[in-house]
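The following explanation is intended to be read alongside the sequence and the three-dimensional model.

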Amino acid sequence: MEFFVIILYFVTYILLMNFDFFPAKIFNAISCIDVDKLYNIRLRVNEPINLRYNNQMLFLNELGLTKEYSKGITCLHKDIEEVIYNVTDKSIYAFNSNIVNGFLTTKDGIRIGVAGECVFSDEKVMTIKNISSLNIRIPHLVPNCSERIFDILIREKKILNTLIISPPGYGKTTLLKDLVLKLNDSNYEDILVIDERGEFSSVCGRHVDTIKFCNKLYAFNIALRSMSPKIVITDELCSCDDWLYVKNAINSGVKIIASAHAGTLNEITNKSEYINGLFDLYVVLNDYGRPGCIKDIVFKDELKLG
Amino acid sequence: MGKTIVVILTFGLSILISYLLSLKHVKLHNFYLDFFTFNNCYENQLSYSKNTLPSIIEKFNNRDSDFIELLRRYMDNREVLNLSYLKDEDYLLFNEYVSTLGKTDEYSQKQFIQNYKGIISKNLENSEVSKKRYCALYIKLGFFIGLTLVILIL
C-alpha cells in the first residue's frame with residue numbers, strides 16, 4: 001500500500017511540474033518526452049537546445065529528442081527573454097536580486113541558472129543584461145533516497161550534524177528534501193529550512209518552517225533567534241562565513257544538516273574554509289542512476305584528514 | 001398635452017446629446033488619471049515592496065477602469081481594447097509605456113518611470129483642461145439649443 005502511495009505522490013509531482021514558462025515551440029517539444037528522465041535543459045543563444053536526459057546529452061527537436069546537433073531546435077535570444085519574462089511573472093525588476101546572484105526559481109521550484117553580461121556599479125553587480133544562457137535544472141523527488149541516513153539517525157537516537165557532499169547535479173538538494181519530509185513525518189520538531197533559491201517549494205509539513213530567498217547571514221543571525229529551531233537544513237556551504245555560521249549554530253545547540261560541493265571527502269577536508277570536527281556524519285553521493293544515490297557514509301571518527 | 005411631451009423630450013434629448021458629447025472628455029481624463037496613479041503606484045513598488053505586475057494590477061484601487069483593462073489585455077497578449085475616446089497618439093504612448101513595463105531591472109525601470117512621469121502628467125493636465133472646458137461648453141450648448149427648440153415649438 002505504502003509503495004502505491006509513494007508512486008502516486010511521485011507521479012503527481014511530475015505531472016504538476018509546470019513548463020508553461022517556455023515559448024510554445026519548446027513547450028510542445030518537451031511535452032513529447034518523458035519528464036521523469038529529464039534532469040537538465042540548457043538554452044544558449046543561437047545554439048540547439050541541449051538536454052541531459054536519462055544520463056545522455058541530447059538535443060530537443062519538434063518531435064522530442066535527437067542526437068544530431070543540426071536537427072535540434074535553435075534557441076533564439078527572444079526565447080530566453082520570454083522564459084525570463086514568464087518566470088518572473090512579467091516583472092523582472094522584482095527578481096533582480098536573484099538574477100544578480102545568478103539564478104531564478106519558478107513557482108514549482110525549478111532552478112534556472114542565468115549567464116550574461118554583468119553590469120557593475122561601485123564594484124557591485126547591479127544586474128545581468130543580455131542574458132545568453134540558461135541552465136534549467138529539473139528537480140526530482142526520489143522517495144526514500146535518504147533512508148540510509150535516516151536509519152543511522154534513528155539508530156543513534158539523536159540528530160547528527162550531517163554534511164552531504166557531491167559535485168553539482170548529483171542530487172544533494174533532492175536528498176535534503178527527502179530528509180526534511182522524513183524528519184517531519186517522524187515528528188522531529190522545529191525544523192528550519194534555509195531555502196536560498198526557492199528550491200524547497202514542494203517541501204512542507206507541520207514541523208517545518210521555511211525561509212526563502214534569504215542569505216545565510218540573515219538566516220543564521222536573525223531567523224535562528226526568531227524561529228528557535230532544533231534542526232536546521234541548509235544547502236550548499238560555500239564560503240568561510242557559511243562554515244562559521246554553521247559552527248556558531250552548532251555551538252548554540254542546534255543540529256545542522258547541510259550540503260557542500262566536493263567530489264570526495266579529501267576535497268572537502270582540503271578546502272580552506274573546512275572546519276574540522278564540525279560535522280558528525282559525512283555522506284558522499286555518486287551519479288549512478290537516479291539523483292541522491294549514496295556512495296559512502298563516513299562518521300567523524302573514521303575521517304582521515306588528507 | 002402632446003405639445004408638452006414633445007417639448008420635454010426635445011429639451012431632454014438636447015441635454016442628453018450634450019452630456020454624451022462631453023463624456024469622451026471625462027473618460028479621457030479618467031484614463032490619464034488612472035495612468036498617472038498607476039505610474040506612481042508602480043514607482044513606489046519598485047522602491048519598496050517589489051510586488052509583481054499582476055499583483056499590483058490586482059490590488060489597484062480602480063481595477064475595473066479602461067486603463068487597467070488595456071494593461072491586462074496587453075500583458076495577456078489578448079486583443080487590444082478599442083476605446084473611441086483615445087486618439088492614435090494616446091495608444092502610441094500607452095504601447096510605448098507597456099512595451100518596457102516590467103522588462104528590465106529596478107534601476108532601469110525607475111529611470112523609465114521618471115521619463116514617462118512628465119509626459120503622463122502633462123497629458124493629465126491637458127485632459128483636465130479639456131474636460132473642464134468642453135463639459136461646460138457642451139452642457140451650456142445643449143441647454144441653449146434645447147431652449148431654442150422649445151421656444152420654436154411653442
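**Accessibility, a bent helix and salt bridges**

G277(A) counts as partly exposed because its relative accessibility is 35% (buried means under 20% relative accessible area, exposed over 50%, partly exposed in between, with a 1.4 Å probe and protein chains only). The model is predicted: local features need pLDDT of at least 70, side-chain atom pairs count only at pLDDT 80 or more, and totals for chains, interfaces and linings use all residues. Residues are numbered from 1 along each chain as its sequence is written, chains are lettered from A, and side-chain values use heavy atoms, without hydrogens and water.

G277(A) sits in the loop between α9 (265-269) and β13 (281-285) of chain A; helices (H or I, at least four residues) and strands (E, at least two) are DSSP runs, numbered from the N terminus.

In chain B, helix α1 (residues 2-47) has 46 residues and should span 68 Å, in agreement with the 66 Å between its end C-alpha atoms; the expected span is 1.5 Å times one less than the number of residues. At S22(B), α1(B) bends by about 30 degrees, the angle being taken between axes fitted to the seven residues ending there and the seven starting there.

Over all chains there are 16 salt bridges, each a side-chain nitrogen of Lys or Arg within 4 Å of a carboxyl oxygen of Asp or Glu. One of them joins E236(A) and R111(A) at 3.6 Å, N to O. E236(A) lies in the loop between β11 (231-234) and α8 (240-251), and R111(A) in strand β6 (residues 111-121), so the pair ties together parts of chain A that are 125 residues apart in sequence. Both E236(A) and R111(A) are buried.
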